[in-house]
Amino acid sequence: MKRPITAILKSEQLNQALAVAVKAAQTAGQMMRRNLRVAKKVNAASQHDIKLDLDVQCQQIIEKCLRKAFPQHSILGEEGDCGEAHSLYRWVVDPIDGTVNFAYGIPHACVSIALQYRSSNVLPGLAGAPQYQTELGVVYDPFCEEMWTAVRGQPARLNDRLIQVSNRQQLKETIISLGFAKHQDSLEKMLPNFQAMVHRVRKIRIMGSAALDLVYVATGRMDAYLEAGVRLWDIAAGGFILECAGGEFWHQPLPGEHFYRVIATNGTLRSRLEKLVVLTTTKN
Ligand code: LIP
């Protein structure tokens, strides 16, 4: 029987893993930058979503970097999984978050990479899903050349400079970002939330990238992000970075695989926002 991999990576090893993830994000980001203004091969399209061949190519670039450095880790990605399903460590990857923006040539999209540790002792085949704890996160916007990073136990950084959430507590002064997901059901259920907030806050923003919404809150550019029907790979890295910047990353599983609703804030707004919104969806 294979010996289990040594448990928690030490701080120095986590920093080494962060460097590998940063390099992977930069390499995929270069591919995004090169292709922003060219015609892109569409693999699938629906009314509110587009899947590009570049999504697959960027995930392949990231997988090659990560698997070369950490062959024993698995990868859970928007474009597919690889490695042993219940490995002690898994990388959670969205190669292009904000794909529809990117498909239309809008330079608001990013690479999102998180490393998670299987913190529960639920082993393969036993009842219940294993629990994972995020140990590091990387979100890279190749168009603004902004690299957000965080490692457990250390403060969050943007281009190596410390960041922290805003201290705005009056809703009327806040910028709130909403995600409208991909399905008619999610859109219909999110619209009343828009109407419930739009007159109470400074501005509502709907920008199309959950990962950038989360790191914008972490950086104090926005004060909260809400969405129902978003996937783990959209939020794992950005949510962790937000927590390391002093924010609150409230997220709850929805029916379906790796499917969540999120109220992410600067740490002071959730109770007031919960009085205004209902985050539900039946589609994943
Ligand atoms: C996107 C999310 C966004 C959501 C979109 C889409 P993708 O991820 O970042 O928050 O509203 O429907 O899921 O598909 O661009 O990686």
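Two strands count as paired if DSSP finds at least two bridges between them. Helices (H or I, at least four residues) and strands (E, at least two) are DSSP runs, numbered from the N terminus. Keep in mind that this is a predicted model, where local features need pLDDT of at least 70, side-chain atom pairs count only at pLDDT 80 or more, and totals for chains, interfaces and linings use all residues. Residues are numbered from 1 along each chain as its sequence is written, and side-chain values use heavy atoms, with hydrogens and water left out.

Start at Ser 112, in strand β6 (residues 110-118). Its bridge partner in β7 is Val 139; β6 and β7 (residues 132-141) pair in the antiparallel sense over 8 bridges. Strand β5 (residues 89-97) also runs antiparallel to β6, joined to it by 7 bridges, and here Val 93 has Ile 113 as its partner.

How buried is β6? Of its 9 residues, 9 are buried, so the strand is largely enclosed by the rest of the structure. Buried means under 20% relative accessible area, exposed over 50%, and partly exposed in between (1.4 Å probe, protein chains only). Ser 112 itself has a relative accessible area of 0%.
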